[in-house]
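User: I have a new structure open and would like a quick tour. Can you walk me through it?

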Amino acid sequence: MKQSLIIDCDPGVDDATGLLTAFASSDLDLLAVTTVGGNVSAEKTARNARILRQIAGREDVPVFVGAERPLRREPAGAGEFHGAEGLGDLEPYEPEAAVGEGNSAEAIVRLVMERHAGSVALAVMGPMTNLALAMRAEPRLAGHLGPVVVMGGARSEGGNITASAEFNIWADPEAAAEVFASGCRMIVMGLDATHQVRATEERIAAIEAVDTASARAAGAMLRFSQRIERVIVGWDAGPLHDPCTVAWLLKPELFDLAPCRIAVETGSDLTRGHTAVEFRVEAETAHHFWATRADADGVFALITDKLGAGQ
């Protein structure tokens, strides 16, 4: 059976590669894409998701507009890493298909609750604002969700926005804290794992060699990221974060997970968004699973294969 899936995201160049991979995957039943303000504004992330949907030829998948701002914080973007419009060098345009009726939180509640408990997975590639709002609106949601696969957090690698915080968690720490405390089963792709998945020259070239519109778009995003990472961070091969969520859903054996308990710092300005990952837990009762290892060659081979579907 296909895995039913909702992708909650803030595209974003790495979100874009994850979305394009999911759009091209025949073994996923992609119910919707819900967007949120994060890397760029909520208006732009919704437009970007629709552009990517059009590139992939998947107008059958509805896109819903989500939260414009965090639960309590001021919006904080990351345009320096994604371009002012969020899609690197891609010139934005108004896509043909419109957004769906209702907002992202409403769509998440409806699509999950109208199906069997545990049957709908959620891949969260941005701040968790939409999911937190959905859980507030429907208290039964956490117990009805399938796996929630999150890109967010940092432990041994340290943070990428502050010394100890990763951007997606830092952008809305209150939302992340609520979701982690909800009791739903969460697979967490933090920087400890995603920093192992590097977009080397060879891996980018392999995607560029695929003759599909989705592969060409993903290749362009990766080239943009490669250039930006070299200038801002000094890395020759930047990490590919958000697509790890889709890769786990498609091929979980590419990752090693450790049961844990995760809490998020919300009170301190110094350590805002820090993820406290505690491995001293009973594995049988754990709700959180931290990715400790990623097979980078396997992840890129999977993405390249999916982007070539129908070639």
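**A short tour**

Analyst: Let's begin with one residue. Ile232 is partly exposed, with a relative accessible area of 43%. Buried means under 20% relative accessible area, exposed over 50%, and partly exposed lies in between (1.4 Å probe, protein chains only). This is a predicted model: local features need pLDDT of at least 70, side-chain atom pairs count only at pLDDT 80 or more, and totals for chains, interfaces and linings use all residues. Residues are numbered from 1 along each chain as its sequence is written, and side-chain values use heavy atoms, with hydrogens and water left out.

User: Which helix does Ile232 lie in?

Analyst: Helix H11, residues 213–232. Helices (H or I, at least four residues) and strands (E, at least two) are DSSP runs, numbered from the N terminus.

User: Zoom out. How many helices and strands in the chain?

Analyst: The chain has 13 helices and nine strands. Its C-alpha atoms fill a box of roughly 45 × 40 × 40 Å along the principal axes.

User: What share of the residues is buried?

Analyst: Buried residues make up 59% of the 311. The chain exposes about 12300 Å², and carbon and sulfur atoms supply 50% of that.

User: Now the inside. Which residues have the most contacts in the largest nonpolar core?

Analyst: Leu5, Ile7, Val33, Leu52, Ile207 and Phe255, in a core of 55 residues. Helix H11 gives the largest share of this core, seven residues. Apart from it lies another core of 37 residues, among them Ile6, Met128, Leu145 and Ile262. A nonpolar core is a set of buried Ala, Val, Leu, Ile, Met, Phe, Trp, Tyr and Cys residues joined through side-chain atoms within 4.5 Å.

User: What does Phe255 touch?

Analyst: Leaving out residues up to four places away in sequence, its partners include Met189, Trp248 and Arg293. Contact means heavy atoms within 4.5 Å.

User: New topic. How many salt bridges?

Analyst: The structure holds 18. A salt bridge is a side-chain nitrogen of Lys or Arg within 4 Å of a carboxyl oxygen of Asp or Glu. One of them pairs Lys306 with Asp27, with the closest N and O atoms 3.3 Å apart.

User: Is Lys306 buried or exposed?

Analyst: Lys306 counts as buried, at 13% relative accessibility. Asp27 is partly exposed, at 35%.

User: What about Asp60 and Arg58?

Analyst: Their side chains meet in a salt bridge, 2.9 Å from N to O. Asp60 counts as exposed at 55%, whereas Arg58 is buried at 18%.

Notes. Accessible areas come from the Shrake-Rupley method with a 1.4 Å probe; for residues, only the protein chains shown count as cover.
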